[in-house]
Amino acid sequence: MTSSPGMALPILTIFQDATVGLISLMFKPYLPFDLAGVNSMVRIAVALNDKENGPTQADGRAPSLVAFNEKEWYIGASEWVANDHVKSGSYVDVVVHQEDDGAGQEPAYMQVLGHDDAVCVAYIGQTWPDGQQRGWLGDVGRACGKRWFFSNVEVGEQKYMPDCTWLDRDHAKDGTDALENIEAAAMQIHMQDFTNLTGPYPTDPSYYCTYPATLFVRDYDYEFRLEWFEHKIPSRSRIAFWKDHGFRSKRRSPHPHRRRPRPSRRSPALRSKLVSSTHEKHSAKALCGSDTSHGPDFVSHSEGLFCDMGTKRVWPLCKTTEEVEVGCYDWESHGLVTREGKEGRDYADVEEWA
């Protein structure tokens with residue numbers, strides 16, 4: 001069975017209860033006529049961006065791409081001189097040029113390279129030169145222990161909203177961030193492993209967190225400055241297929257019974273942003289209770305809870321005087337209310353997901 005652009009594409013994902021299942025993904029990327037049959041196209045959808053230059057900025061540089069065939073041979077890449085930007089809750093279509101090294105070949109493996117502007121990837125849709133399609137959902141990063149956040153990006157007829165996976169190349173590497181060792185700068189995906197077109201599939205979630213299915217990489221040494229002899233994309237000699245993730249071994253916690261998750265260091269952009277949601281899937285309790293969640297403060301209206309991501313502490317929304325006695329979050333004025341007084345939150349950006 002093959003897929004064609006515009007058809008519902010069955011994508012394997014890992015749900016919040018750690019089960020593996022299928023979600024339909026529909027996308028219609030535009031591949032110019034003169035590129036069809038030779039190159040491939042990739043759609044990258046993001047939920048949040050974390051641009052350092054201003055707390056209300058949502059734009060971020062789209063990840064760069066490198067493609068390999070099933071034999072793990074380099075066959076092409078996106079234009080590294082390009083500076084494509086993608087907005088929060090939106091997507092960008094990127095051409096992977098294969099005309100020089102792999103015209104018409106199937107890009108079975110794809111490296112997705114994060115830049116210094118962190119992006120949280122909700123889904124990836126890929127169209128091969130022959131029109132076949134593959135996909136990947138951001139739920140995988142959360143299930144595999146990488147940094148994640150919720151998204152309001154809807155996919156398929158079910159209007160499913162996957163979580164998103166953070167990619168950030170320049171996050172703290174100096175020991176100032178307690179969770180820096182789980183930050184992925186890039187990932188290498190075997191796209192076929194996530195598109196069930198033929199029948200049975202592995203149901204063990206761990207299968208999708210390791211090579212060959214998905215390899216999350218802590219850092220990479222590619223330089224995006226092209227040499228004088230390179231036209232648009234890097235030459236084969238500068239590219240490497242990955243089989244080692246580069247993460248340090250996880251050390252045992254000196255406090256095995258400590259229950260509150262450790263907060264990670266956040267940029268000014270994330271500290272000055274608040275996101276709220278009415279969707280039951282978006283649980284403030286689950287977000288604050290996760291060791292690997294990362295992003296702005298969050299309000300779940302369905303739960304009536306506020307998640308302070310700076311401390312990983314959950315507060316009820318203010319409704320009664322009893323809640324004020326124990327502390328609560330006032331949605332109208334955006335501040336914490338306790339018996340000692342009110343702590344205002346000067347959010348520069350409040351985003352509401354209805």
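The legends below describe close-up views of a predicted model.

**Conventions for all views.** Residues are numbered from 1 along each chain as its sequence is written, and side-chain values use heavy atoms, with hydrogens and water left out. Because the model is predicted, local features need pLDDT of at least 70 and side-chain atom pairs count only at pLDDT 80 or more, whereas totals for chains, interfaces and linings use all residues.

**View 1. Overall content of the protein chain.** The protein chain holds four helices and 23 strands (DSSP runs numbered from the N terminus: helices are H or I of at least four residues, strands E of at least two). Of its 354 residues, 55% are buried (buried is under 20% relative accessible area, exposed over 50%, partly exposed in between, with a 1.4 Å probe and protein chains only). Among contacts between residues at least 6 apart in sequence, 66% join residues at least 24 apart (contact means heavy atoms within 4.5 Å).

**View 2. Strand 14 and its two partners.** Five of the five residues of strand 14 are buried, so the strand is largely enclosed by the rest of the structure. Ala186, Gln188 and His190 lie on one side and Met187 and Ile189 on the other, and both faces are covered. Strand 9 (residues 109-113) pairs with strand 14 in the antiparallel sense over five bridges (two strands pair if DSSP finds at least two bridges between them). Within this pairing, glutamine 111 has glutamine 188 as its bridge partner. Strand 15 (residues 214-217) also runs antiparallel to strand 14, joined to it by four bridges; here alanine 186 is the bridge partner of valine 217.

View 3. Arginine 169 sits in the loop between strand 13 (164-167) and strand 14 (186-190). With a relative accessibility of 18%, arginine 169 counts as buried. Its side chain reaches the backbone oxygen of tyrosine 220 at 2.6 Å. Not counting residues up to four places away in sequence, arginine 169 touches Gly114, His115, Asp116, Ala185, Asp219, Tyr220, Asp221, Tyr222 and Phe224.

**View 4. Asparagine 69 in the loop between strands 5 and 6.** The loop that holds asparagine 69 lies between strand 5 (64-68) and strand 6 (74-77). Asparagine 69 counts as buried, at 9% relative accessibility. Its side chain makes a polar contact of 2.9 Å with the side chain of glutamine 105 (a pair of N or O atoms within 3.5 Å; within protein, one must be able to donate a hydrogen and the other to accept it, and residues adjacent in sequence count only if both atoms are side-chain atoms). A polar atom of the asparagine 69 side chain also lies 3.0 Å from the backbone nitrogen of tryptophan 73. Beyond neighbours within four places in sequence, asparagine 69 is in contact with Ile75, Gln105, Glu106, Ala108 and Tyr109. The C-alpha atoms of asparagine 69 and histidine 190 are separated by 9.6 Å, although these residues are 121 residues apart along the chain.

**View 5. The largest nonpolar core.** This core has 32 residues, of which Tyr123, Phe149, Phe150, Trp166, Leu287, Phe298 and Cys307 touch the most other members (a nonpolar core is a set of buried Ala, Val, Leu, Ile, Met, Phe, Trp, Tyr and Cys residues joined through side-chain atoms within 4.5 Å). Elements that each supply at least two residues of this core include strand 3 (40-50), strand 10 (118-127), helix 3 (284-288) and strand 18 (305-308). The largest share, four residues, comes from strand 10. Apart from this core lies another, of 31 residues, among them Val92, Cys144, Ile189 and Met191.

View 6. Strand 16 (residues 273-277) and strand 17 (residues 297-300) pair in the parallel sense over four bridges. Valine 275 has phenylalanine 298 as its bridge partner in strand 17.

View 7. Strand 21 (residues 335-338) pairs with strand 22 over four bridges, and glycine 335 stands opposite glycine 344.
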